[in-house]
Amino acid sequence: MSDGSIDLNSDARAKAYATPLELLDPAQPELFRNDAHWPVFERLRKEDPVHYTAEHEFGPYWSVTKYNDIMAVDTNHEVFSSEGGITIANQTAGEGPLPMFIAMDPPKHDVQRKTVSPVVSPMNLAILEPLIRERAAKILDSLPIGEEFDWVDKVSMELTAMTLATLFDMPQEDRRKLTYWSDVVTAAPGQGLIDTIEQKMEIFVEYHAYFTKLWNERVNAPPKGDLISMLAHGEATRNMEPREYFGNIVLLTVGGNDTTRNTISGSVLALNQNPDQYKKLRENPGLIPSMVSETIRWQTPLAHMRRIATRDFELGGKTIKAGDKVVMWYVSGNRDDEVIANPNAYIIDRERPRQHLSFGFGIHRCVGNRLAELQLKIIWEEILARFPDIQVVGEPKRSYSSFVKGYESMKVVIPSRY
């Protein structure tokens, strides 16, 4: 298990350094599934931190791999536009890219984001906290002791789906539809979940119909505090086109689902790979908030975000042309040793644990970052109150994606309760 503790003798490292520099293409899902992307980014940070890949299935693109360069792109929305999509592959639903506020520039981005942001306000999080804690306790109390089970399925997916269903104010019995739809959004055909793009579009029709029904219910009822009602009654959103509404639902589903669940899974893996840190956490549960931030950095649940240059721009000695696709590799910037000391190490009591790129910066900084941190904090407070140990059994199955950096399954055993 590596996840960044780079093995100097590994085949992945040898291949990364043997490939001609101009042919390096980090946006290969297979690299991420095999946890073999680390040496590719290590080399790019050292030798070519603003790197051009001329040939890729989704067209040529620039890779920005160092922390400060990523920050420069992320905080300059006038030069680096989000219009048209945030992944190296455009997220489509039949007729081109889906409109969503994360894939918009100001002023439209700002008013749409402002419409939904109250759902994750400090006041609302204070209301949600006891509910999340009650659910976390129930999930953990139902886990088998001394038997192997899939942590991703039983814990990570379950807690995040429950929370997201509450934010949408949809029936809890439908919560796993959110998990499924979120996975379909980022799934590549032929990798287990869907076989063809046509199948994906059919599932999108069902997904769209479900949320259209919720919109119609909420728009004809008094305003409430859930995300659908906020969109249906918001001055800037109530007249949006159906595709734009659906685009925002896709954004909120993936943003509220994949990232938190993969960091919950990543925290168990990281602590297993670093038993000294696990011991430190057990001995001092006050380190949970710091551990949460370190895990979000270490995991980097979304590996990249992409932009389009609006004009020619020089970055790192290279000239990015107007119209070029620019990919910010958060997963690489979070391992930049010029900014983060000993970045490949997992250290739960770092001096500045919140110094990471995982939530992005600038106008597109993750709107739900505090909710993600809250769910992770609660689940670990409840874990430490119950279990002296959670043991990962073998290698987890990682996602086939260069965007969502996560886990399809991770087998664990809990030897005993307190």
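**The lining of the second largest pocket is made up by class of 7 nonpolar, 6 polar and 6 charged residues.** Here Ala, Val, Leu, Ile, Met, Phe, Trp, Tyr, Cys and Pro are taken as nonpolar, Asp, Glu, Lys and Arg as charged, and the others, Gly among them, as polar. The structure is a predicted model, in which local features need pLDDT of at least 70 and side-chain atom pairs count only at pLDDT 80 or more, while totals for chains, interfaces and linings use all residues. Residues are numbered from 1 along each chain as its sequence is written, and side-chain values use heavy atoms, with hydrogens and water left out. The pocket (an open set of points on a 1 Å grid over the protein atoms alone, with protein on both sides within 12 Å along at least five of seven lines, its lining residues having an atom within 4 Å of a point) has a volume of about 350 Å³, the volume being the space filled by probe spheres set on the points, which are joined across faces, edges and corners. Of the 19 residues that line this pocket, Asp183, Ala187, Leu193, Ser399 and Glu408 lie nearest its centre. At least two lining residues come from each of α8 (175-186), α11 (242-273) and β11 (407-409), and α11 gives the most, with 3 residues; helices (H or I, at least four residues) and strands (E, at least two) are DSSP runs numbered from the N terminus.

**Val250 is a buried residue, with a relative accessible area of 3%.** Buried stands for under 20% relative accessible area, exposed for over 50%, and partly exposed for values in between (1.4 Å probe, protein chains only). Val250 has its place in helix α11, the helix that also gives the most residues to the lining of the second largest pocket. Although Val250 and His208 are 42 residues apart in sequence, their C-alpha atoms are 9.2 Å apart in space.

**One cavity of 30 Å³ or more is found in the structure.** A cavity is a set of grid points where a 1.4 Å probe fits but cannot get out. The largest cavity holds about 60 Å³ of space and is lined by 11 residues, of which Phe32, Gln299, Arg398, Lys405 and Gly406 are the closest to its centre. In its lining, 3 residues are nonpolar, 5 are polar and 3 are charged.

**Strand β8 (residues 325-329) lies within an open sheet of 5 strands, in the order β1-β2-β8-β5-β3.** The pairing in this sheet is mixed, and β1 (50-53) and β3 (80-81) are its edge strands, each pairing on one side only; strands are said to pair if DSSP finds at least two bridges between them. Helix α4 (residues 67-74) packs on the sheet, where it touches β1, β2, β3, β5 and β8. Strand β2 (residues 61-64) runs parallel to β8 and pairs with it over 3 bridges, with Val326 of β8 as the bridge partner of Trp62. Strand β5 (residues 304-309), in contrast, is antiparallel to β8 and is joined to it by 5 bridges; Ile308 stands opposite Lys325, and Arg306 stands opposite Val327. In β8 itself, 5 of the 5 residues are buried, with Lys325, Val327 and Trp329 pointing one way and Val326 and Met328 the other way.

**His56 sits in the loop between β1 and β2.** With a relative accessibility of 16%, His56 counts as buried. Once neighbours within four places in sequence are left aside, His56 is in contact (heavy atoms within 4.5 Å) with Asp25, Ala27, Tyr61 and Ile88.

**Helix α3 (residues 38-47) is mostly covered, with 8 of its 10 residues buried.** The buried residues of α3 are Trp38, Pro39, Val40, Phe41, Glu42, Arg43, Leu44 and Arg45. Their cover includes the helices α1 (11-18), α2 (29-33), α13 (288-299) and α14 (330-333), together with the strands β1 and β8.

Conventions. Axes are lines fitted to C-alpha atoms, for helices over the stretch in contact, and angles run from 0 to 180 degrees between N-to-C directions.
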